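Please keep the sequence and the structure in view while reading.

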Amino acid sequence: MKIDAVKIEELIKNADPSLANVASILEKASAGEGLGLEDAATLLSVTGEEALQALYGKAGEIKERVFGKRVVLFAPLYLSNHCTNGCVYCGFRSANKTVARKALTVPEAVREARALEEMGFKRALLVTGEDPRWGVDYIVSCVRAIYENTGIRIIHLNAPPVSVDDLRKLKASGAGVYQAFQETYYRPAYEKTHPWGAKKDFDYRLDCMDRAIDAGFQDVGIGPLLGLYDYKFDCLATIAHSMHLYEKYGTHAHTISIPRLRPAEDMAFAGAPYPVSDEDFMKIAAVFRLSVPSAGLVITTREPAGLRNRLLHIGASQMSAGSRTDPGGYTGGKKDTLEQFSTTDHRGLVEVMRSVVDEGFLPSLCTTCYRVGRVGGEFTEKAVSGQMEKFCQANAILTLKEYVLDHMKNGTREAIELAVDKALAGVKDPALKKGLIEKLGELEAGKRDLFF
Ligand code: SAM
Ligand code: SF4
């Protein structure tokens, strides 16, 4: 694909975020069918409390229409921090001699996955640096071994862009979503921040989602690394990227992640070259939600707890919890010397669940869509037409009940059980409600992994 930088710059320059214009764009967004680049550029230029609040409110409304109250929780599992690339912002970059290097063996990867399972997670996002010694065959072995030896139900990948043939191997291992971030879509900034290694090739990375879909991945995840370049440019380019996938393959990006630059060991600069404030960050989340309503909007533990809670109300639909960014971090004690970057929200799964509930949302450990083939264009279609909401809500209730039965002994248990009851009471479709009550009974009786 091509990024039309001139067009994006023009859109930013000509944006008119007057209250009247913003109001008419938000009215358009109410249809839940997404927004074009021009409207997104206008919303990204919004300032002033009144317009911002209206934007946040609309984003929350659309999120709820597409996915209901549910917020999917997951954890990253770092396999290896060996890397041959020079990304100036990353603790794993090859020039960083202070970081201790480690690649988990396959049994160690299984142990880490088991540790996540014991915490209650059902999905894991495998993450690696880029080093041919721990390349695709290694990742495939880890994926297969985790599926065979743990109760993790779906594995997603955040792995370096590879060839179509290698992507086919990754897909064949049973991976769900293939995720890789462009970091910045502005070529000069990309070249400056990726001085060497395979990742230096801007176009090869940009085309990797096309290759992934050609290789059989129907769900792909994209995102900018906020702080490397002007956020307006990178957000518009990310939306353009998703539109490109929709036009070519009939599927929008399954997820859009919005990592914001964090301090990392031996980082090549003191702070972000283009800092993104909390207010800008919330605006960015809202604009992605309204522009690509079907996409899962992923907020990680790079962000502080208070801000993550606020983001629940303005479009966030997926969150990591209890994350470690060092290979072996879940089983080996805390070793900062192995970390990719420092996280901010250190709460464990149960604490994150509790605050999701306290904010009025429903934590979910659902893994259904990838396993029943509700993927790609079909997922986009169902999400946009409002058909996903009932599945998301029902499956959140079931996975939460399982979590209560298997992992909760005291304290927060009551709050989560109340959330299950409240969500069940809110299910409007009588047939779905009847089915749910039956399945909840089956869970009580010892069955597991039930879904719609
Ligand atoms: N190595 C692969 C790659 O670069 O695509 C896969 C994953 S990399 C470990 C995961 C992501 O972490 C990167 O794509 C980047 O967006 C993000 N990241 C790297 N350094 C970061 C930092 N200092 N703060 C926040 N996010 C960072
Ligand atoms: Fe390596 Fe990825 Fe870090 Fe770049 S972002 S140095 S490719 S691990």
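## Basis and domains

Domain bounds, as used here, come from an automatic or database domain assignment. The model is predicted, so local features need pLDDT of at least 70 and side-chain atom pairs count only at pLDDT 80 or more, while totals for chains, interfaces and linings use all residues. Residues are numbered from 1 along each chain as its sequence is written, chains are lettered from A and ligands numbered from 1 in the order in which they are written, and side-chain values use heavy atoms, with hydrogens and water left out.

The protein is divided into domain 1 (5–64) and domain 2 (66–371). Their C-alpha centres lie 26 Å apart. Contact (heavy atoms within 4.5 Å) between the two takes 28 residues from domain 1 and 33 residues from domain 2.

## Nonpolar cores

A residue is called buried under 20% relative accessible area, exposed over 50%, and partly exposed in between, with a 1.4 Å probe and protein chains only. A nonpolar core is a set of buried Ala, Val, Leu, Ile, Met, Phe, Trp, Tyr and Cys residues joined through side-chain atoms within 4.5 Å. Helices (H or I, at least four residues) and strands (E, at least two) are DSSP runs numbered from the N terminus.

The largest nonpolar core has 137 residues, and Leu 43, Leu 157, Leu 170 and Tyr 178 have the most contacts inside it. Helix 17 (residues 388–407) gives the most to this core, with 10 residues. Domain 1 and domain 2 each supply at least three residues to this core. Another core, apart from this one, has 17 residues, including Val 88, Phe 92, Val 127 and Met 267.

## Helix 18

Helix 18 (residues 413–425) has 13 residues. From first C-alpha to last it reaches 18 Å, close to the 18 Å expected at 1.5 Å a residue, where the expected span is 1.5 Å times one less than the number of residues.

Which residues of helix 18 are buried? They are Ala 415, Ile 416, Ala 419, Val 420, Ala 423 and Leu 424. Among the elements that cover them are helix 14, strand 9 (362–364), helix 17 and helix 19 (430–444).

## Salt bridges

A salt bridge is a side-chain nitrogen of Lys or Arg within 4 Å of a carboxyl oxygen of Asp or Glu. The whole structure has 29 of them. In one, the closest N and O atoms of Lys 169 and Asp 166 are 3.8 Å apart. These two residues are three apart in helix 7 (residues 164–172), so about one helical turn separates them. An α-helix has 3.6 residues a turn, so residues three or four places apart point the same way. Lys 169 is partly exposed at 38% relative accessibility, and Asp 166 is partly exposed at 23%.

Asp 203 and Arg 187 also form a salt bridge, at 3.0 Å from N to O. This pair links distant parts of the chain, with Asp 203 in helix 9 (residues 202–206) and Arg 187 in helix 8 (residues 187–193), 16 residues apart. Arg 354 pairs with Asp 358 at 3.2 Å. Salt bridges that share partners join Arg 153, Arg 371, Glu 402 and Asp 449 into one network.

## Cysteines

With a disulfide taken as a pair of cysteine sulfur atoms within 2.5 Å, the count comes to zero. Cys 83 is buried at 16% relative accessibility, and Cys 87 is buried at 7%.
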